[in-house]
Every structure is written in C-alpha cells, then in structure tokens.
2 protein chains.
Amino acid sequence: MKLGAIEAGGTKFVCAVSDDNIKIEDREQFPTTTPEETMAQVFAYFEQHPVDAIGIGSFGPVSLNEDADDYGHITNTPKLAWKNYNFLGAMKAHFDIPFYFTTDVNVAAYGEYKAGAGRGKKNILYWTVGTGVGASYIQHGKFLQGYSHPEMGHILLRPDERDNGFKGVCPYHGNCFEGLAAGLSIEKRFGKKGYEIDPSDEFWEIEAKYIAQACVNATLILRPDIIIFGGGVMKQSQLFPQIQAEFVKQLADYVDFPEITGYIKHVALGDDAGITGALMLAKKALQEIKN
Amino acid sequence: MKLGAIEAGGTKFVCAVSDDNIKIEDREQFPTTTPEETMAQVFAYFEQHPVDAIGIGSFGPVSLNEDADDYGHITNTPKLAWKNYNFLGAMKAHFDIPFYFTTDVNVAAYGEYKAGAGRGKKNILYWTVGTGVGASYIQHGKFLQGYSHPEMGHILLRPDERDNGFKGVCPYHGNCFEGLAAGLSIEKRFGKKGYEIDPSDEFWEIEAKYIAQACVNATLILRPDIIIFGGGVMKQSQLFPQIQAEFVKQLADYVDFPEITGYIKHVALGDDAGITGALMLAKKALQEIKN
C-alpha cells in the first residue's frame, strides 16, 4: 500500500509518498503560483508515483462541510487565482482513489496528535505562530468542526501596557492574536524578523503574555489535555518558560490543568508534522472506505 | 415510565418528575443548605415519587471524568459544606436506577438544544449571564468535555475605555468576562441590580460590547451554529440588538456565521430549561442502559 500527501501552503506545495508505516519514500515541492501551473505539477507527481489514497492539507479558508456545494474548495482567499478553486474536485477528476481533505493546520495537528508531542493525549490544541496564526483542535481523533472550521488565530486579546499602544497588523481586527503576536506584527514593530531580535529582549515577555492569554481563553473554552505550538515564531525557545509562567499567573488557579511543562509544549515533528499528518489521514481515508 | 430531574443550584434545589414525553407532573424545591439537610429532602422526594432514571444538573465545579476517583463529586466549591461531596455516589446509594450527572449549566443547555432555541441545530453554545457566567457547548448531542468541563465564563476580555477603569469583581481574574459583565459586576458599579437600571443607560452598550467580545472569541474557537443566552442579566431584552450589532462589528466579516438575529438568541424555555434538560438526560441515561 502506498500513501500520498499534499501539503498545500500559500508559498509552496509539498507532495510526498510513503509506505503504510508512514515511512516517507519520496518528496517534492513546487512554488504556489496559479492552480493551472501548480496543480499540473501535482497531477504529474502522482502519475509518476501512484498511491492508494491521498491526504490533503490546504491553505485556506477552505470549505469542509461535506453537505455544502463548495465542499473541498478553497473559498475566500486573498490569493485571487485560487479563490473558489475546487481543489478536491480537481484531484478526484484525476485520481479515482480515497481522499482526506482538510486545512494545512489540521494535517500538522494530526501529525503531532498521532506521532508527535500529542501522542497518547485525547484532546489536543495545536497553534502555529508564524507569519500568521493558525489553530486546530482534535478531540478523540476528530477535528473540531461546527458551522465551519475554527479560526482561533483571530481571537481578541487585551493589549499589553508595555506594548507602546501598538495597534496590531490584522487587516480585519487590528490587535487580535494574529495582529499582535504573529511574525508580521514583529516585523512591523522592529523592522526585522523575530529571529533577528535578541532572545533577552523585553519584547519576548510581551509576546509570551499574548500567547499565554490565548492559551488561557482556549483552556477555559476547550479544556485540552495539551497545547502544542509550532511555526517560525515558536522556534524562539526562550518563549516557552515565559508562556508557561504567564499562563499560570493569568489563569490564577481557577481550573485544573496538567503539569505545566507538559501542558504547553513545542511541536515534536518540526517541519514534518504536516506531511506526516496528511499521510496518516490518507491511511484513515483508506481504512474508512474498507470498513 | 417516569423520569426524574434534580436541578441543584447554589441557592435552591429543584426536583421534578415527568412522564416519558417530558410532561412535568410534579415539582418541588428546597433551599441549598448542607448536604445532610438538603439531600435528605431529595431522597424523601424520590421515595415519594419513584422514577426509572434521574438526570442531575449540579452547581460546581463538579468532576465529570468517569475514569477519575472523584467522578460525580462536587469538588472545589466555595460552598464549604458541599466541598468534595459525592453527590452521584449518595444518589446511587439510595436509588438503584440509571443516572445522568452533569453541571447545572449543561442541563439547561441540553433543554434548549432539544426543545428550545437550539432545536434542530447541531452545535450550540449556551451562556447564562446571571450572578456569574456559565457556559456549555453541545456538539452533535454531546457536551464538549476535555481535561474537564469548560469554564468559559472566565475568559479574559478587553476592558472598554468607557468603563471608567473598572477593575472587575472576579476574585480570581478581576476583569474576566464574569468579572466585567455578570450581575455582581453591575451591582458593584451601580450599587443596584441590573433590572433597576434604565434600559437606555449607556452602560448597556458597554455590557453588550463585553458579551459580543465573548461571542466573537467563542465563535472563532468553536464555530457554533447558534449562541443562546439565558440568566437574569439577559432578561434585559434591549441587549440583544446591541450584542448582535457589536458582534458583527468586532468580527469584521472575518468568518461566516448564520444570519445574525438567528445566531445570537435568547433562551426559549426560560426558567424551565434546566429541569427540561435534566429530564431529557434521564431519558437518555435510560435509553443507553437499554442499548
């Protein structure tokens, strides 16, 4: 059995093939340009590397409502060439195999849930803090999904008094979580990238406070067993003890949570989380067809 | 078939009996004093009115983790006589019938989900804004439950600049949602109850802004199909159009949601939501035993 994965990001697509133990045998990447160009490369890849099922994690927003006409489409994206593109439909027209279609953040969360920092936990909250903020919640193996998929990156936070009245960079909300704490906000404040800022800079305390505040609200609403962070900003390892300490302070012992250093953790799979999760979801799609 | 319900609140217990169509045949209430006194009245009630199953909605915090030693206990409550009281265990010791044990907020949410404002919806968020703030989330008939039950009443909100630097009244967090917007905070600001304040007072705009902010964060995290509000403060009907308008403004078209006047709604069952939900959960417990 061969499994396929597509990690469709806003800047690049990664395609991969594994055996049924999720051992990756081949991987290739292409720039995200137009559907015509990029998808032609995807089709060619899986014609050269035939697989029995494909897991897809797509940049979004995407429609995940199986009852809706636009299920499997990329919907209202600012990447105009991809707006309303029927991603899953195009794949199905080329390959008569089972698919699992979800968000790019969901596939990475699933990888961490099954094989990474969330292994053995029942309820995991996964945040990625990079250029923007994405999130996924998995309960007993299922993605949280209501009217549509969560967009927790945009929850409204309290600005910190030490943040010099910074208004945030989110074009929708200004100072939501993403607007205050993602990579673009750091560039806006400092004129340089997060990794160029000294790890001892006071700014990281402010950053940790925002991230902790998001963790407090998500903890009170969801009660996860673990909160896992990935994404470029979270490679600043000094943030973790700061977030943990701030979380304890802000939650103020109101509810129980697991031991803090095991509760707020860095990803274990690194940049492989997405592809690993997509391969595992391909396997899940295949098993569900068989049952 | 006879169904029983206990709505165990911090000030009073309500016990009721219905037929299997949830037609209430008898109802009685007792003040919440000590477990010895109050529970003796509960036992006597159900000895006089034998039932086939009982649904219990208890004030909390309660342990709902069926694998934990303290499952069915009231845990860390400020009502010291009830701290660590084994509520479910005491009921089981008296009556050899199926029980459904959950929070007081969950039973009210379940009533609204099955027979009230949430009827026909798949994913409902229920908030009660009274003396404090409670919340419940039901997805496809199941209560959201992770490491423990949600405590969404304490999410951290942004203070409003028109709120005169009010610090909130929550003993844990100061200005969390409950600390800024529940009944006790209104009394602290005005020295009188919410219903004594003119419905045209500017304060209701501030109150609506806080409630809308909680709705925005919960919408982005959970993506419910409907948000239902009960509790004493929400009897101020002028709040609903204000909350709806503020919600639309704060969310800023970032994600889709159902038509707004059908999305943020008042409870339909009023003060009967809790007892109705508890009776329905008794029925569910009985059906699960039979299957």
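In this predicted model, two salt bridges are found across the interface of chain A and chain B. Polar contacts across the interface of chain A and chain B come to 18 residue pairs, both residues of a pair being at pLDDT 80 or more.

Which elements of chain A supply the side that touches chain B? Helices α6 (203-222) and α7 (239-251) of chain A each give at least two residues to that side. The largest share, seven residues, comes from α6(A). Sorted by class, the side of chain A that touches chain B holds 22 nonpolar, twelve polar and eight charged residues.

The extent of the contact can be given in residues or in area. Chain A contributes 42 residues and chain B contributes 42 residues. The size of an interface is often expressed as the accessible area lost when the parts come together. Here chain A and chain B bury about 3,700 Å² between them, and 58% of that area is on carbon and sulfur atoms. On the chain A side, A:Tyr147, A:Arg158 and A:Ile221 supply 22% of the area buried against chain B, more than any other three residues.

Salt bridges are also found within the chains. Over all chains, a search of the whole structure finds 22 salt bridges. In chain A, A:Glu187 and A:Lys193 form a salt bridge whose closest N and O atoms are 3.3 Å apart. Are these two residues buried, exposed or in between? A:Glu187 has a relative accessible area of 30% and is therefore partly exposed. A:Lys193, with a relative accessible area of 38%, is partly exposed as well.

In chain B, the closest N and O atoms of B:Lys2 and B:Glu25 are 2.7 Å apart, and the two residues form a salt bridge. B:Lys2 lies in the segment before β1 (3-8) of chain B, while B:Glu25 is in strand β3 (residues 24-31) of chain B, so the pair ties together parts that are 23 residues apart in sequence. B:Lys2 is partly exposed at 34% relative accessibility, and B:Glu25 is partly exposed with a relative accessible area of 41%.

Another salt bridge in chain B joins the side chains of B:Lys235 and B:Asp271 (3.9 Å, N to O). Where do these two residues lie in the chain? B:Lys235 is in the loop between β9 (226-230) and α7 (239-251) of chain B, and B:Asp271 is in the loop between β10 (264-266) and α9 (273-290) of chain B; the pair links distant parts of the chain, 36 residues apart. B:Lys235 has a relative accessible area of 55%, which means that B:Lys235 counts as exposed. B:Asp271 is exposed too, with a relative accessible area of 63%. Salt bridges can also share partners: A:Asp160, A:Arg162, A:Glu202, A:Glu205 and A:Lys209 are joined in this way into one network.

The last stop is a pair of strands in chain B. Strand β5 (residues 99-103) of chain B is mostly covered, five of its five residues being buried. Strand β4 (residues 53-58) of chain B pairs with β5(B) in the parallel sense, over five bridges. Within this part of the chain, B:Ile54 has B:Phe99 of β5(B) as its bridge partner.

Terms used: Residues are numbered from 1 along each chain as its sequence is written. Chains are lettered from A and ligands numbered from 1 in the order in which they are written. This is a predicted model: local features need pLDDT of at least 70, side-chain atom pairs count only at pLDDT 80 or more; totals for chains, interfaces and linings use all residues. Side-chain values use heavy atoms; hydrogens and water are left out. Contact means heavy atoms within 4.5 Å. Buried area is the accessible area (1.4 Å probe) that two parts lose on being put together, summed over both. A salt bridge is a side-chain nitrogen of Lys or Arg within 4 Å of a carboxyl oxygen of Asp or Glu. A polar contact is a pair of N or O atoms within 3.5 Å; within protein, one must be able to donate a hydrogen and the other to accept it, and residues adjacent in sequence count only if both atoms are side-chain atoms. Helices (H or I, at least four residues) and strands (E, at least two) are DSSP runs, numbered from the N terminus. Ala, Val, Leu, Ile, Met, Phe, Trp, Tyr, Cys and Pro count as nonpolar, Asp, Glu, Lys and Arg as charged, and the others, Gly among them, as polar. Buried means under 20% relative accessible area, exposed over 50%, partly exposed in between (1.4 Å probe, protein chains only). Two strands pair if DSSP finds at least two bridges between them.
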